[in-house]
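Subject: Structure handover and notes

Dear colleague,

I am passing on the structure below, together with some notes on what turned up in it. Please have it open while you read.

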Amino acid sequence: MPLSKLKELPKDSDKGVLSIDLSDLAGDGAVFRFRSPKAADLFPDATLTKDLRVGYAEFPEALIYQIYILGRCYLPGPDDDGENPYRAFADLGRANAAVFYRILTEFMTWSPLDLLDAKVADAKNASAE
């Protein structure tokens, strides 16, 4: 198959936006929105993840990766205060694990990464050969 045929393959379906409503915990309007991860999101920025590993040394690598994905896919709202989303989610994980895991679980159910994680690991291993 010629490479030009790749353009004819069907595109990923648009999943829209995930809205996670935490109004029951934080009051009206506590809704966080996320987009679906893109291919580039699956390969973390080494500088950013290093900063997260240093600032949150107690977090395992897999948790740093999940925080990175949440931060990349977070969609700021009109009343967003400009807080760093990576640090905001990491701080939440440190301060209130139940709410953090609620957000992470809803996101992972909506956009499961387990199959993609294996593909990313395979791609990294293949590039190291």
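Phe59 lies in the loop that runs between α2 and α3, where helices (H or I, at least four residues) and strands (E, at least two) are DSSP runs numbered from the N terminus. With a relative accessibility of 12%, Phe59 counts as buried, a term that stands for under 20% relative accessible area, with exposed meaning over 50% and partly exposed in between (1.4 Å probe, protein chains only). Setting aside residues up to four places away in sequence, Phe59 touches Ile64, Ile67, Ala90, Gly93 and Arg94, contact being defined as heavy atoms within 4.5 Å. Between the C-alpha atoms of Phe59 and Gly93 there are 9.1 Å, although the two are 34 residues apart along the chain.

Before going further, please note that this is a predicted model, in which local features need pLDDT of at least 70 and side-chain atom pairs count only at pLDDT 80 or more, while totals for chains, interfaces and linings use all residues. Residues are numbered from 1 along each chain as its sequence is written, and side-chain values use heavy atoms, with hydrogens and water left out.

As for the chain as a whole, six helices and three strands make up its secondary structure, and along the sequence they follow the pattern β-α-β-α-α-β-α-α-α. Of the 129 residues in the protein chain, 30% count as buried. Among contacts between residues at least 6 apart in sequence, 62% join residues at least 24 apart.

The largest nonpolar core has 29 residues, such a core being a set of buried Ala, Val, Leu, Ile, Met, Phe, Trp, Tyr and Cys residues joined through side-chain atoms within 4.5 Å. The residues with the most contacts inside this core are Phe34, Ile67, Ile69, Leu70, Phe89, Ile103 and Phe107. At least two residues of the core come from each of β1 (17-21), α2 (46-55), α3 (61-73), α4 and α5, and α3 gives the most, with eight residues. Leu70, when its neighbours within four places in sequence are left aside, is in contact with Phe34, Phe89, Phe100, Ile103, Leu104 and Phe107.

Two helix pairs deserve a look. The axes of α3 and α5 come within 11 Å and cross at roughly 70 degrees, the axes being lines fitted to C-alpha atoms, for helices over the stretch in contact, with angles running from 0 to 180 degrees between N-to-C directions.

Finally, Ser111 is found in the loop between α5 and α6 (114-128), and at 6% relative accessibility Ser111 counts as buried. Apart from neighbours within four places in sequence, Ser111 is in contact with Lys15, Ser36 and Pro37.

With best wishes
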